[in-house]
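Let's take a look at this protein together, going through a few side chains and what sits around them. Keep the structure open as you read.

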Amino acid sequence: AVVYADGESYTMTAGGITLYAVWTANDNAVIFNANGGVGEIASIVAKTNAVVSLTANTTITKAGYTFAGWATTADGAVVYADGASYTMTAGGITLYAVWTAFTYTVNFNYDGADSDTSVTTMQTTYGAAFNCPVPTKTGYVFQGWYYKTTQITDNLGACIVTLTGENGRVFDSTAKWALQTEGMAISGTTLTKYTGTAKYVVIPDTVTSIGNNAFENCNWVKSVIVPNTVTSIGQAAFSYCSGLTSITIPASVETINAEAFWNCYNLTSVVFEKNSKLTSIGGRAFFNSKIKEFSLPASVTTLVYDSGYSSFMGSHIEKFIVEEGNTTFYVDGNCLINKSTKTLIAGCNNSIIPTDGSVTSIGYSAFYECYGLTSIIIPSSVKSIDHYAFFNCGLTTIIIPNSVTNIGNNVFFYCGNLTTINCEATAQPVGWDAGWKTECNATVVWGYVAA
């Protein structure tokens with residue numbers, strides 16, 4: 001036991017003395033981390049080297065998971081079982097709950113499929129993405145796998161829901177089919193109207209044209225497969241198909257008419273098959289879409305950009321590509337340009353207008369709703385700017401060079417962030433429309449000279 005306190009006085013004895021340190025164990029703590037679960041377990045406090053029993057877990061839970069034990073790192077394996085003994089170490093320890101996802105069984109009822117049906121069951125776990133078989137059935141289009149009335153996969157077999165329920169739950173799923181021609185009005189070889197209810201549509205290869213307004217307002221349709229017999233997509237054929245996220249245009253299509261994909265709000269991808277025969281795209285064909293990248297086929301010779309509504313007006317395309325071999329159009333500075341007329345047809349949020357004289361006019365609605373376009377330099381080669389060229393853009397200031405002798409109406413319509421328009425001309429040129437800055441409150445500075 002302690003005889004002398006630390007720092008206490010001592011009267012030296014003959015022969016001296018050996019004093020031995022007396023040690024008292026420190027208090028340490030076992031801290032329990034729920035590691036993604038909810039609930040708490042109180043820490044255990046004990047002396048170094050003391051043997052303690054870990055508190056049995058009855059309070060920490062995690063939806064879709066069972067508690068497996070404790071790890072010493074957040075992503076580690078189980079080191080201590082629930083309620084195990086632990087010898088307290090100096091400084092204590094933090095233990096992390098280890099969770100095991102619930103396991104589910106998915107069984108498949110192919111309901112008359114005539115493809116391979118050998119896969120009858122599969123295992124998956126809570127929260128995991130999974131893929132199921134994709135069967136076929138002559139005369140029908142696969143609509144996905146359904147558990148009772150709930151769709152659990154899309155038509156490609158990919159899961160679209162998170163399976164839930166008790167551990168070990170069994171999901172007896174059934175293939176859902178739609179008659180291929182259900183709801184399709186076909187006159188001759190033209191699909192004139194679709195009134196079906198299928199989410200995934202495959203157009204028969206007897207169809208050569210998709211008529212005007214054929215799928216208009218079919219907002220439940222998520223996918224349409226167009227056969228390589230189709231040569232024309234009619235006006236507003238898929239307008240307001242807000243469920244469409246992508247579309248593949250077969251090489252056989254020669255014409256995409258005006259407003260074909262008008263207000264397909266969620267359309268992000270348009271893919272043209274190789275060796276496309278497409279020659280023309282009508283006005284506002286992809287209006288109000290969210291296309292990230294648009295690759296214009298080499299075969300395209302006609303785009304609308306001066307008739308009151310251009311081909312790419314309001315399409316919100318982020319990047320333009322022109323396929324090698326196109327003799328009419330090209331891309332420079334992420335601007336789509338007509339070679340012969342030197343007209344900038346369409347731009348993007350990050351466009352830079354070429355300064356080599358290759359652009360002499362900015363076409364109708366070229367930068368329509370380019371919200372991210374905050375500034376752009378108009379080179380001195382530009383002589384005209386067409387109507388609505390910068391409609392509702394994010395521009396804050398702009399310089400119009402003296403070379404611009406013609407400007408259409410509503411060029412800066414709804415450019416709410418535009419504060420100053422610096423014009424090198426000393427006064428409004430005769431060729432500028434009287435309504436060139438309608439609905440734009442920016443201050444116009446005439447006779448602007450760059451510093």
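Predicted model: local features only at pLDDT ≥ 70, side-chain atom pairs only at ≥ 80, totals over all residues.

## The cysteines

A disulfide is a covalent bond between the sulfur atoms of two cysteines. To count as one here, the two sulfurs have to be within 2.5 Å. Take Cys218: its closest cysteine sulfur belongs to Cys241 and is 5.3 Å away, so that gap is too far for a bond. Cys218 is also buried, with a relative accessible area of 2%.

Cys415 counts as buried, at 2% relative accessibility.

## Two salt bridges

Side chains of opposite charge can pair when their charged atoms come close. Searching the whole structure turns up two salt bridges. One of them joins the side chains of Lys47 and Asp27, with 3.0 Å from N to O. This pair links distant parts of the chain, since Lys47 is in strand β2 (residues 44-47) and Asp27 is in strand β1, 20 residues apart. Lys47 counts as partly exposed, with 39% relative accessibility.

Arg284 forms a salt bridge too, with Glu259, and here the closest N and O atoms are 2.7 Å apart. Arg284 lies in the loop between β21 and β22 (293-296), while Glu259 lies in the loop between β19 and β20, so the bridge ties together parts that are 25 residues apart in sequence. Buried or exposed, where does Glu259 fall? Glu259 is buried, with a relative accessible area of 14%, whereas Arg284 is partly exposed at 21%.

## Asn263 and its neighbours

Asn263 sits in the loop between β19 (255-256) and β20 (269-272). Asn263 counts as buried, at 5% relative accessibility. Which side chain does the side chain of Asn263 make a polar contact with? That would be Asn288, at 2.8 Å.

Leave out the neighbours within four places in sequence, and Asn263 is in contact with Tyr240, Cys241, Phe287 and Asn288.

Ser280 is found in strand β21 (residues 280-281) and is buried, with a relative accessible area of 17%. Not counting residues up to four places away in sequence, Ser280 touches Glu254, Thr255, Ile256 and Thr302.

Ser118, on the other hand, is exposed, with a relative accessible area of 53%. You'll find Ser118 in the loop between β7 (103-109) and β8 (121-125). The side chain of Ser118 is joined to that of Asp116 by a polar contact of 2.9 Å. For a sense of scale, Ser118 and Asn49 are 69 residues apart along the chain, and their C-alpha atoms are separated by 59 Å.

Which residues make the nonpolar surface patch of about 390 Å²? They are Val3, Tyr4, Ile17 and Leu19. Val3 is in the segment before β1 (27-33), and it counts as exposed, at 62% relative accessibility.

Key. Residues numbered from 1 in each chain as written. Heavy atoms only, no water. Buried < 20%, exposed > 50% of the residue type's maximum accessible area, 1.4 Å probe, protein only. Patch = residues over 30% accessible without salt bridge, like charges linked within 9 Å, V, L, I, M, F, W, Y side chains within 5 Å. Areas by Shrake-Rupley, 256 points an atom, 1.4 Å probe, with all protein chains shown as cover. Salt bridge = Lys/Arg side-chain N within 4 Å of Asp/Glu carboxyl O. Helix = DSSP H or I, 4+ residues; strand = E, 2+ residues; numbered from the N terminus. Polar contact = N/O pair within 3.5 Å; in protein donor to acceptor, adjacent residues only side chain to side chain. Contact = heavy atoms within 4.5 Å.
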